[in-house]
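Biologist: Hello! Could you walk me through this model, a few spots at a time?

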Amino acid sequence: MSVYEPNSRHLREVLIYFFNIKKSAAEAHRMLSEAYGEALMSERTCREWYQRFKNGDFQVEDRHSGGRPKVFEDEELQHLLDEDSCQVQEELARSLGVSQQAVSKRLNNLGMIQKQGYWVPYELKPRDVERRFCTCEQLLERQKRKGFLHRIVTGDEKWVYYDNPKRRKSWGYPGHTCEPTAKPNIHGSKVMLCIWWDQLGVVYYELLKPSETITGARYRTQLMRLSRALKEKRPQYLERHDKVILQHDNARPHVAKVVKTYLETLKWEVLPHPPYSPDVAPSDYHLFRSMAHGLKHQHFQSYEEVQNWIDSWIASTDDQFFQRGIRLLPERWEKVVANDGQYFET
C-alpha cells in the first residue's frame, strides 16, 4: 500500500483550513504532526504562516526573486548541519537557495551558535549550563562509588533518508571544473529509526513507516516491546536483580505522563539527562554518528532496502563497538565538568 508524502504546498493549504476553522497555530501543528510526523513542519513555521494569513496573505507558493524571500523549514537547515556542522552561513544559504541573512536569522531563532568553527546545538543559558554541570558531576561521583554502566540501556530516534549522496573531492588543473555532486534531497523520502542498545549490542529497534512518527502513547508501546526483548536477550538483569537504567533524552514523547507511569510499573531507573545535551547521549555521539558515516553513499529505493541495510550494518559492527559507546560516558561527563557546563569540542 502506497503512502502519501505531503509536499510543502499541501501542508500550507491544510494550515489555511485550520486557520479558517479557528484552530490556533499550536493546535494546527499538533494535528499536522499526528497526521504526517512532527519533523515535516515546526510549530515556529506554523506560527509564521499564521501571521501571513492574519495579514491577508494566503499565497502558499514559495516566492523567489521579485517576491517575498523563500520560506524554508528548520528541519531543512538542521539536516544540513547534521551532515556537516562546520559549514559557514554562505554555504548553508547556497544549499537552501536563500539569502545569508535568512540563514543567520533562522540560526539565531534555533539558538545555534558557532564555536571555534563548528555549530553547537543550542546557545546555553546560565540555568542550562548549571544543570549540565551538576548532572554530569553527580553522575561521575556515582560511577566512581559504584560502576553502573553495565546496567544502562540507551535509546533514541533518527531520520534515515532514502537518498544520501556523498560529496567527493577531485584533483584537477587550475581552472578545471570539478565533477558536481547533487545535494541531499531534504524533501525526499525518509523513515524514522527508533533503536535501543546496551554494552552488548542492539536490544530492540523499530523502523517506522514513512507516515508514522513518535507520540507518548506509541513510545509507551515501544517500551513494552523493549521490556519483552530485554527479558529474552538479557536474562542477566533478572539474575543479578539489577534494575535497568534507561538513558534517553527529554524529547516530549519520552517524558509524557503515560510513559512516566509505565516506567514506574517496570521499576526501571531513568538516568538523569540535562536538556540540550546530545554530547552526553550515547546514541548521538556514538551510534548515529557512525551510522551516518555508513549512510553517506547509500541510495535506497524502498522501505525494505532501508531495513535490510540497518540489519546488515548492525551485524557488521565489531564486538566492542557498543561497549565503547557506553564506556565513553564518564569521559564525556568529565569534559562537561571541566568546561564548567559548556559544550566541549569533539
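Modeller: Happy to. Let's start with Lys-267, which sits in the loop between H10 and strand S7 (269–270). Please keep in mind that this is a predicted model.

Biologist: Is Lys-267 buried or exposed?

Modeller: The cut-off for exposed is over 50% relative accessible area. Lys-267 has 58% relative accessibility, so it counts as exposed.

Biologist: And what is the phi of Lys-267?

Modeller: Lys-267 is a residue other than glycine, yet its phi is positive. The value is near 60 degrees.

Biologist: Which loop holds Tyr-276, and how accessible is Tyr-276?

Modeller: Tyr-276 also has a positive phi, about 55 degrees, although it is not a glycine. Its place is in the loop between S7 and helix H11 (282–295). Partly exposed covers the range between the buried limit of 20% and the exposed limit of 50%. Tyr-276 therefore counts as partly exposed, at 39% relative accessibility.

Biologist: Back to H10, then. Why does Leu-263 count as buried?

Modeller: Leu-263 is in helix H10 (residues 257–266). Leu-263 touches Leu-223, Leu-246, His-248, Trp-268 and Val-270, leaving aside residues up to four places away in sequence. Buried means under 20% relative accessible area. Leu-263 is buried because its relative accessible area is 5%.

Biologist: What separates the C-alpha atoms of Leu-263 and Met-224?

Modeller: Along the chain, Leu-263 and Met-224 are 39 residues apart.

Biologist: Where is Arg-234, and what is its relative accessibility?

Modeller: Arg-234 lies in the loop between helix H8 (216–233) and helix H9 (236–240). Not counting residues up to four places away in sequence, Arg-234 touches Asp-198, Leu-200, Gly-201, Val-202, Val-203 and Ala-229. Arg-234 counts as buried, with a relative accessibility of 8%.

Biologist: What about H2 and H3: how do their axes cross?

Modeller: Helix H2 (residues 25–36) and helix H3 (residues 43–54) have axes that come within 9 Å and cross at roughly 130 degrees. That angle makes H2 oblique to H3. As for its hand, the crossing of H2 and H3 is right-handed.

Biologist: Which classes of residue make up the contact of H2 with H3?

Modeller: In H2, Ala-25, Ala-26, Ala-28, His-29 and Leu-32 meet Glu-43, Cys-46, Arg-47 and Tyr-50 in H3. The residues of this contact of H2 with H3 divide into six nonpolar, one polar and two charged.

Biologist: Finally, the whole protein. How many helices and strands are there, and what share of residues is buried?

Modeller: The protein has 14 helices and seven strands. Among contacts between residues at least 6 apart in sequence, 70% join residues at least 24 apart. The accessible surface comes to about 19,200 Å², with 49% of that belonging to carbon and sulfur atoms. Of the 346 residues, the buried share is 46%.

Conventions. Residues are numbered from 1 along each chain as its sequence is written. This is a predicted model: local features need pLDDT of at least 70, side-chain atom pairs count only at pLDDT 80 or more; totals for chains, interfaces and linings use all residues. Side-chain values use heavy atoms; hydrogens and water are left out. Helices (H or I, at least four residues) and strands (E, at least two) are DSSP runs, numbered from the N terminus. Buried means under 20% relative accessible area, exposed over 50%, partly exposed in between (1.4 Å probe, protein chains only). Contact means heavy atoms within 4.5 Å. Axes are lines fitted to C-alpha atoms, for helices over the stretch in contact, and angles run from 0 to 180 degrees between N-to-C directions. Angles under 35 degrees count as roughly parallel, over 145 as roughly antiparallel, 65 to 115 as roughly perpendicular and the rest as oblique. A crossing is left-handed if the near helix is turned anticlockwise from the far one by less than a right angle, and right-handed if clockwise. Ala, Val, Leu, Ile, Met, Phe, Trp, Tyr, Cys and Pro count as nonpolar, Asp, Glu, Lys and Arg as charged, and the others, Gly among them, as polar. Accessible areas come from the Shrake-Rupley method with a 1.4 Å probe; for residues, only the protein chains shown count as cover.
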